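Please open the structure in the viewer and display the side chains.

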Amino acid sequence: MTTTPPTETGAPPTLELRSGDLRLALRPDLGGCIAGLWLGDVAVLRECPPAALTSARASGSFPLVPYSNRLGYRRFDWRGRHYSTQPNFDDNPHSVHGVAWQQPWSVEAQSAGKVVLEYTHPSNPDWPFAFHVAQSFELTPNALRVTLTATNIDARQGPMGLGWHPYFPKRSRSHIQLAVAQRWDSDAAGLPVGAVAQGAIAADVAALNFDHCFDGWQGAARIRDEALNLTLTSSLDRVVIYTPGDKPYYCVEPVSHVSDAFHLADPLAHGLVALDPGQTTSAWMQIDVARA
């Protein structure tokens, strides 16, 4: 493992792991994000020179804690009380992707094949419940495994959701294949309005028009193109797929809960977890990497 310290010009520190031909670059100071993952010189995730990153939004992947996707109109009710959050995503009317991706993380442990980052969130206007989260990255010659472990350190029971937001480079033969059960359709504000049956997805990315959360994800998501064959697996059984036609990337995001589950009739039935003080929940995702 290598660490690049700040330079005289103020360039930020980066962490790098190498195993075989796989190389992983991390920016703990930018939301504990992955700056890049490469197999040799081929980008597995969206790449940016690690020192050039200024936001996790431009990274290869970032963690989603304590919720994924949109929190409708920056407000929610929990255990009989009303709470609000702050704007955090341009002029979006919702709060988006939680809070941990916008905060600096610290290095808890590091070795030749593993890095553990951590972040402690106090109760504040961005999110009312205090929590601690650790994120471990383990690199082998064929795979990256990332684990999130979140603990409620608040005096109250709090809601928790976990996930990741990986961006994959869109190439001429980019293709997704995975089995899901339901697709959540959304209103004009991007909030879910109901689930409909969804068969297995097996299509070129260029033919897809998704910005949806899917329930009942089973097995692996197989992501391939002319350069790479990837297998994405996770302990989570929901996935957000985003395939913008005007961007050079697409997203396949393992998540624990339906988008905006806070406003569904039973948030816990849709994947949010209620953590009592001191309780912990965890999740993992793994990307297996091979050349095409």
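**Salt bridges, stop by stop**

Begin by selecting Arg 291, which counts as partly exposed at 45% relative accessibility. The model on display is a predicted one.

Asp 21 forms a salt bridge with Arg 291, and the closest N and O atoms of the pair are 3.8 Å apart. Asp 21 lies in the loop between strand E2 (14-19) and strand E3 (22-27), whereas Arg 291 belongs to strand E28 (residues 280-291), so this pair ties together parts that are 270 residues apart in sequence. Asp 21 also counts as partly exposed, with a relative accessibility of 48%.

Now select Glu 16 and Arg 23. These two residues form a salt bridge whose closest N and O atoms are 3.4 Å apart. Is Glu 16 buried or exposed? Its relative accessible area is 18%, so Glu 16 is buried, the cut-off for a buried residue being under 20%.

Move on to Arg 238 and Asp 237. Their side chains meet in a salt bridge, at 3.4 Å from N to O. Arg 238 counts as buried at 11% relative accessibility, while Asp 237 counts as partly exposed at 39%.

Salt bridges that share partners join Glu 16, Arg 18 and Arg 23 into one network.

Finally, display the whole structure again. How many salt bridges does a search of the whole structure find? The search finds eleven, among them the pair of Asp 21 and Arg 291.

How values were computed. Residues are numbered from 1 along each chain as its sequence is written. This is a predicted model: local features need pLDDT of at least 70, side-chain atom pairs count only at pLDDT 80 or more; totals for chains, interfaces and linings use all residues. Side-chain values use heavy atoms; hydrogens and water are left out. A salt bridge is a side-chain nitrogen of Lys or Arg within 4 Å of a carboxyl oxygen of Asp or Glu. Buried means under 20% relative accessible area, exposed over 50%, partly exposed in between (1.4 Å probe, protein chains only). Helices (H or I, at least four residues) and strands (E, at least two) are DSSP runs, numbered from the N terminus.
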